[in-house]
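Colleague: I would like to learn how to read a structure, one feature at a time. Could we begin with a helix?

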Amino acid sequence: MKTEELIAMLSTNVEPVDHRSTVRSIGTAVAASAVLVMAAVILALGLRTDLMGASFIFLLLKVGFLIGILVPASLYLTRLSRPGGERRTSVALIALPFIALMLLAAVSLTFSPRSHWNHMVVGDQWLECLISIPLIAVAPFAMIIWAVRRAAPTNLARTGAFAGLLAGCLSAAGYALHCADDSAPFVALWYGGTIALCTAAGWKLGPRLLRW
Amino acid sequence: MLLSRLSGHLRGYYKGKLTRIGRSATEAEDLTQEALMAIHTQRHTYHPAEPLTPWVHAIARYKLIDYLRRTRASGADVPIDDAKEVMARDDHIGTESAYDLSRLLTRLPAKMRRAIQSMKLEGLSVAEAAARCGMSESDVKVSVHRGLKVLAASIAREKGAS
């Protein structure tokens, strides 16, 4: 086939395209996964039963921390989904909330007696947290990957990692509705750890799932 | 026309990169066509407010890396002296890619093939193509769009398999 023939074919009857479709489909995927995750957690695991006073504030803090990662990560994912967009993302900005949480966890450990450490770090339901967050993240991950596949990322590993990070954060935010462990070290270790796991999975799967 | 101007740049880019590692001019032409397909089917990812060159370059580079990964095994044993021969030949416009459009089209589902045939090859309008194929107008548009994506993907697969 001569290149001129291909060009002639491609330029016959070109339909206009919507330049905002990438942002829209990623936005839709994130919003739909948020609703899905919330519904799944409330229906399958149930809301935490002590939603009064201090524990409600802890819930807001947890969700707020996760939204603090979700918003910039979603923005970066829309950039990464376009060719060359990886030049305009900074991984450091996304790491900031995690570093802040680690510091908070370290501070709260130093100010509490050593006998409480075990409970603060391991909590009551660490195993449930460790299993639930990655498991719940599968559906959001699939939806987000589906949205990104409609676009054209050129750094597949990093794009996959951000898709995993988003899915992990959405899943953790949903799980927070159920989780009754409120110490900062617990959140840093088990939420942070599972989100990192989701990110690593996305980083590994990205090149396979996102090729175009 | 944008695509034909870009094709010159892309051909130069790929020839430069590929001849240096001893690949043929046909391969550069394959890649040029793949990149043109990608630029066309992914044009919705270009933001009009941003400069065009980095966007095109990112696609060209992505397709080059993807191509080299796909063809690593077959390309590793090209002898060095082939490269000289390739560089000596003046084959700027005359080179054809290894793809055969009509053969690629036969692999598409009938609906997509008919839509592409009428709209893209015979140049009928959406309404005419819809009447000819017995589909609705939006159906024709969607079929063309999907068909081109499938075509681009099957080009990539063909290269990976060979």
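Colleague: Which residues of helix α6 (residues 126-136) of chain A are buried?

Modeller: Buried means under 20% relative accessible area, exposed means over 50%, and partly exposed lies in between, using a 1.4 Å probe and protein chains only. In α6 of chain A, the buried residues are Cys129(A), Ser132(A), Ile133(A) and Ile136(A). Before going on, note that this is a predicted model, in which local features need pLDDT of at least 70 and side-chain atom pairs count only at pLDDT 80 or more, while totals for chains, interfaces and linings use all residues. Residues are numbered from 1 along each chain as its sequence is written, chains are lettered from A and ligands numbered from 1 in the order in which they are written, and side-chain values use heavy atoms, with hydrogens and water left out.

Colleague: Why do the buried residues of α6(A) line one face of the helix?

Modeller: The general idea comes first. An α-helix has 3.6 residues a turn, so residues three or four places apart point the same way. In this case, the buried residues of α6(A) fall within an arc of 95° when seen down the axis, so they line one face. The arc is taken from the directions that run from the helix axis to the C-beta atoms.

Colleague: Which elements do the buried residues of α6(A) pack against?

Modeller: They pack against four helices of chain A: α2 (21-45), α7 (138-149), α8 (156-176) and α9 (184-209).

Colleague: How many helices and strands does chain A have?

Modeller: Helices (H or I, at least four residues) and strands (E, at least two) are DSSP runs, numbered from the N terminus. Chain A has nine helices and zero strands. Its C-alpha trace spans about 75 × 35 × 25 Å along the principal axes. Of the 212 residues in chain A, 48% are buried.

Colleague: What can be said about contacts in chain A between residues at least 6 apart in sequence?

Modeller: Contact means heavy atoms within 4.5 Å. Among those contacts in chain A, 85% join residues at least 24 apart.

Colleague: How is the size of an interface given?

Modeller: It is often given as the accessible area lost when the parts come together. Here buried area is the accessible area (1.4 Å probe) that two parts lose on being put together, summed over both. Between chain B and chain A it is about 3400 Å², and carbon and sulfur atoms give 60% of that. In terms of residues, 46 of chain B are in contact with 33 of chain A.

Colleague: How many salt bridges does the rule find across the interface of chain B and chain A?

Modeller: A salt bridge is a side-chain nitrogen of Lys or Arg within 4 Å of a carboxyl oxygen of Asp or Glu. The rule finds two across this interface. One of them joins Arg88(A) to Glu50(B), with the closest N and O atoms 3.5 Å apart. Elements giving two or more residues to the side of chain B that touches chain A are α1 (2-20), α2 (25-41), α3 (52-70), α7 (110-121) and α9 (137-161) of chain B. Of these, α3(B) gives the most, with eight residues.

Colleague: Are Asp66(B) and Arg70(B) buried or exposed?

Modeller: Asp66(B) is buried, at 6% relative accessible area, and Arg70(B) is buried too, at 17%. Both lie in α3 of chain B, four residues apart, about one turn of the helix. Salt bridges that share partners join Arg211(A), Glu34(B), Asp66(B) and Arg70(B) into one network.

Colleague: Which residues does Asp18(A) meet in salt bridges?

Modeller: Asp18(A) meets Arg20(A) at 3.7 Å, N to O, and Arg24(A) at 2.7 Å. Asp18(A) is partly exposed at 27% relative accessibility, Arg20(A) is exposed at 58%, and Arg24(A) is partly exposed at 47%.

Colleague: Where is Thr45(B) placed, and what does its side chain reach?

Modeller: Thr45(B) is in the loop between α2 and α3 of chain B, and it is buried, with a relative accessible area of 0%. Its side chain reaches the backbone oxygen of Gln42(B) at 2.7 Å. The side chain of Thr45(B) also makes a polar contact with that of Trp55(B), at 3.3 Å. A polar contact is a pair of N or O atoms within 3.5 Å; within protein, one must be able to donate a hydrogen and the other to accept it, and residues adjacent in sequence count only if both atoms are side-chain atoms. Beyond its neighbours within four places in sequence, Thr45(B) is in contact with residues including Thr22(A), Ser81(A) and Arg82(A).
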